[in-house]
Amino acid sequence: MGSDGKQLPGGKQSAVKSWWQRFLNVGFVAGFLLVLLTYAVVSQQSQRFGPAAVIDSSPDDVAAMSRQAIKAPGEEAAGSAQENGGEEKAETTDTPAEDSADHHHQQQDTSGDSNQDQQQQQQQQEQEWRPKEDRAGVTEEPPKRDDTNAKPFDNGKVVCATAGPYSDTCDVFGDVRTNGTAHTVTLVPATSLPERREWTIKPYIRRSMSGIPEVTITQLDATSEESPAPACTVTHRVPAIVFALGGLTGNYWHDFSDALVPLFVASRRYGGEVQLLVSNIQPWWLGKYEAVVRRLSKYDAVDLDRDDKIRCFPRVTVGLRMHKEFDVVPELAPDGQRLTMTDFTAFLRETYSLPRSAPISLRNQNEDGQRKKPRLMLLHRGHYRKLVNVPEIVKAAEEAGFEVAISDPRFDVKVEELARSVNSFDVLMGVHGAGLTNAVFLPKGAVVIQVVPYGKMEPLARLDFGDPIVDMELRYLEYSITAEESTLLEMLGPDHPVIKDPESVHRSGWDKVAEYYLGKQDVRVDVDRFAPTLALAIDHLRQQ
Ligand SMILES: *[C@@H]1O[C@H](CO)[C@@H](O)[C@H](O)[C@H]1NC(C)=O
């Protein structure tokens, strides 16, 4: 998709640079746009691009990269059997929990470095942003000490989950007060608690993300005069969600994986009655996805980093949670909602008033008159990972019975227009890359064909798109490029290890994988070899 980080929010580049320079050879970064790519190198298993080796990567970018060892989704699943989705929870009081899952009593340690520099850089980037006036759901009040109006839980509680594979979150119930500029969320207990406790987390969905200010959650131990309970300047009746933007957003796939999907999971239960407090705020992002964000929260988002008020809430969730890349695990959705990826896509269809919730039916199109043809959208990438024989592919798809349209949406295309356009198709086809994210707008039951570049990239392709697409209840088809179909063969010759031994390239680490298989490769689809895949797509639509 034309998004590949083109419009990356400023400030990040320098914030990130020093970090990755320490870890990587930066030589080949030039020429690519800057979107972080996180690749998990877990012990030695970069030998294989197995699920344990690759966890976290942007489909589209080979620019700046971060490596980290994190748990594989497989491990997460294993964890969930043992302990409620691998999420460990720390409870601070004996107040009944909302869910009946077992909770581990565990105190998190805190560390207080707060990325002031990056924060300031980001602040400079966003001078023009000012939070709008608060509207409904808010009452301005004169400051007063120990305001205890909003308190559904007698003494309040803090429930933190910091053992998941990607994200750290804390849920704070009771009399909760935020100080945005200080990045603090404070629970003021109604009666004295035995101990003061503190957690520090990054509210971005990937805990390893640099350049994101940390938020400190404090449970005060007493309500006495000497305890530093800040007085409310604004009292909200609705709960709040604190989360950070920036990070990897700007890449279309990350916009969904890192923000829209998890924000949907965190906020859907409130039916719009929730206040978003956004750290590292990105006005362009909120503008781009305004229709979605507005349906999740009726209230104007507050720019947390510049919010000098003390806001009081009955409940604050700090941080969003990612279950799987660009996906939802129903069992892990909060408050027992069992949300699914199809709930998310149905929500998007409603949000953008997309007319089609089912693809074309080919079942009853036998004799009478003009047959309608199923429509195939062919994603055309302008730069790397291009399809070099588009006309041939178009011809093959037409021969298979499709009406074909070639699409190369720009980054600044209106999401609504794109959504409507994609929704009118029955098949979405493209080389592994952010454009396939548009699958979210397809009618349920439509088909996605992912063309997987040469070089043992299937596990990555499945993690980024294959699994999420299946969870959207779309039909997922994969077409793997052979060496003969890859431009790498003519570029490097048959004896180059990149051609002869992809596993050795994976063993050497992510740099070369990204450089060659994602960065320098274009593909020439062998249309004869591809024909059965097109036939499968037609077959599937016949069964609709
Ligand atoms: C928020 O915290 C900062 C830093 O501790 C403090 O200087 C400021 O006065 C607090 N804001 C309010 C409104 O109390």
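The structure holds 29 salt bridges, a salt bridge being a side-chain nitrogen of Lys or Arg within 4 Å of a carboxyl oxygen of Asp or Glu. Before we visit a few of them, please keep in mind that this is a predicted model, in which local features need pLDDT of at least 70, side-chain atom pairs count only at pLDDT 80 or more, and totals for chains, interfaces and linings use all residues. Residues are numbered from 1 along each chain as its sequence is written, and side-chain values use heavy atoms, with hydrogens and water left out.

Let us start with Asp171 and Arg315, whose side chains meet in a salt bridge with an N to O distance of 3.5 Å. Asp171 sits in strand S6 and Arg315 in strand S14 (residues 310–318), so this pair ties together parts that are 144 residues apart in sequence. Helices (H or I, at least four residues) and strands (E, at least two) are DSSP runs, numbered from the N terminus. Asp171 is buried, at 16% relative accessibility, and Arg315 is buried too, at 9%. Here, buried means under 20% relative accessible area, exposed means over 50%, and partly exposed lies in between (1.4 Å probe, protein chains only). The two residues also belong to a network of salt bridges that links Asp171, Arg269, Arg315 and Asp335.

Next, look at Asp471 and Lys324, whose side chains form a salt bridge at 3.8 Å, N to O. Asp471 is in helix H10 (residues 458–471), while Lys324 is in the loop between S14 and helix H7 (341–351), so the pair ties together parts 147 residues apart in sequence. Asp471 is partly exposed, with a relative accessible area of 29%.

Lys444 and Glu473 make another salt bridge, with their closest N and O atoms 3.6 Å apart. Lys444 lies in the loop between strand S17 (427–431) and strand S18 (447–452), and Glu473 in the loop between H10 and strand S19 (475–480), so this pair ties together parts 29 residues apart in sequence. Both count as partly exposed: Lys444 at 33% relative accessibility and Glu473 at 45%.

Finally, turn to Asp168, in the loop between strand S5 (157–161) and strand S6 (169–179). Asp168 is buried, with a relative accessible area of 11%.
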